[in-house]
Amino acid sequence: MTNGKRVLVDWLRDAHAMERTSVDNLDRLADRFSRHPDIAGRFREHWRDSVGQVVALEACLKKLGSDTSTFRDLASRFVGIAQAYAGAISLDEPVKDCLAAYASMHLEIATYVSLRAAAEELAESEIVQMCDQHLERERAMTGWLEQQITEVTLDFLRP
């Protein structure tokens, strides 16, 4: 395996760990936003998208003769759990949850932009296509969530 392919595999493993964490966090967020059924429903919809993204990343790794990294998955999920509980103890939990989800989704966008560039350079057209699909979903979700931040913030401030 060339050095470029090894790096691509490492980055795919990182993306897989990131998406596994996203799956966990989106599930928790949907539960926390029961007061906002539209938001909870959209988090659940994105949860389904993220589960599909995990599967797609696993397929890319398999195609390259590799698999996921259990250590990276566990480390990333542990950090996600810690962040979730840190947010749960704040009085403004819904606002903090929206902000954290928005920031996290931007990290996912940046990750797929980078992965796409690497895959294109290494002539991995299937991975380029996967990145394009994931970018489309993440950008749509991020745009939608940005619009919700105002509503959640104002709702929190109202008695």
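Predicted model: local features only at pLDDT ≥ 70, side-chain atom pairs only at ≥ 80, totals over all residues.

Q: How many helices and strands does the protein chain have?
A: Helices (H or I, at least four residues) and strands (E, at least two) are DSSP runs, numbered from the N terminus. Here there are five helices and zero strands. The order from the N terminus is α-α-α-α-α.

Q: How do I describe two packed helices?
A: Two packed helices are described by the angle between their axes and the distance between the axes. Axes are lines fitted to C-alpha atoms, for helices over the stretch in contact, and angles run from 0 to 180 degrees between N-to-C directions. Take H1 (residues 3–32) and H2 (residues 37–63): their axes come within 8 Å and cross at roughly 160°. That makes H1 roughly antiparallel to H2. The cut-offs are under 35 degrees for roughly parallel, over 145 for roughly antiparallel, 65 to 115 for roughly perpendicular, and oblique for the rest.

Q: What is the handedness of the crossing of H1 and H2?
A: A crossing is left-handed if the near helix is turned anticlockwise from the far one by less than a right angle, and right-handed if clockwise. H1 passes H2 in a left-handed crossing. The residues of this contact divide into 15 nonpolar, five polar and seven charged. Nonpolar means Ala, Val, Leu, Ile, Met, Phe, Trp, Tyr, Cys and Pro; charged means Asp, Glu, Lys and Arg; the others, Gly among them, are polar.

Q: How do H1 and H4 cross?
A: The axes of H1 and H4 (residues 93–121) come within 11 Å and cross at roughly 155°. H1 is therefore roughly antiparallel to H4. The crossing is left-handed. Contact means heavy atoms within 4.5 Å. Among the residues that make it are Leu-8, Leu-12 and Leu-26 of H1, with Ala-101, Tyr-112 and Leu-115 of H4.

Q: How do H2 and H5 cross?
A: The axes of H2 and H5 come within 11 Å and cross at roughly 160°. H2 and H5 are therefore roughly antiparallel to each other. H2 passes H5 in a left-handed crossing. The contact has twelve nonpolar, four polar and seven charged residues.

Q: Which residues have the most contacts inside the largest nonpolar core?
A: A nonpolar core is a set of buried Ala, Val, Leu, Ile, Met, Phe, Trp, Tyr and Cys residues joined through side-chain atoms within 4.5 Å. Buried means under 20% relative accessible area, exposed over 50%, partly exposed in between (1.4 Å probe, protein chains only). The largest core has 19 residues, and those with the most contacts inside it are Leu-8, Leu-12, Tyr-112, Leu-115, Ile-127 and Met-130. H1, H2, H4 and H5 (125–157) each give it two or more residues. A second, separate core of 16 residues includes Leu-26, Ala-40, Ala-101 and Trp-144.

Q: Is Ala-123 buried or exposed?
A: Ala-123 counts as exposed, at 65% relative accessibility. This residue is found in the loop between H4 and H5. Most residues other than glycine have a negative phi. Ala-123 has a positive phi of about 60° although it is not a glycine.

Definitions and conventions: Residues numbered from 1 in each chain as written. Heavy atoms only, no water.
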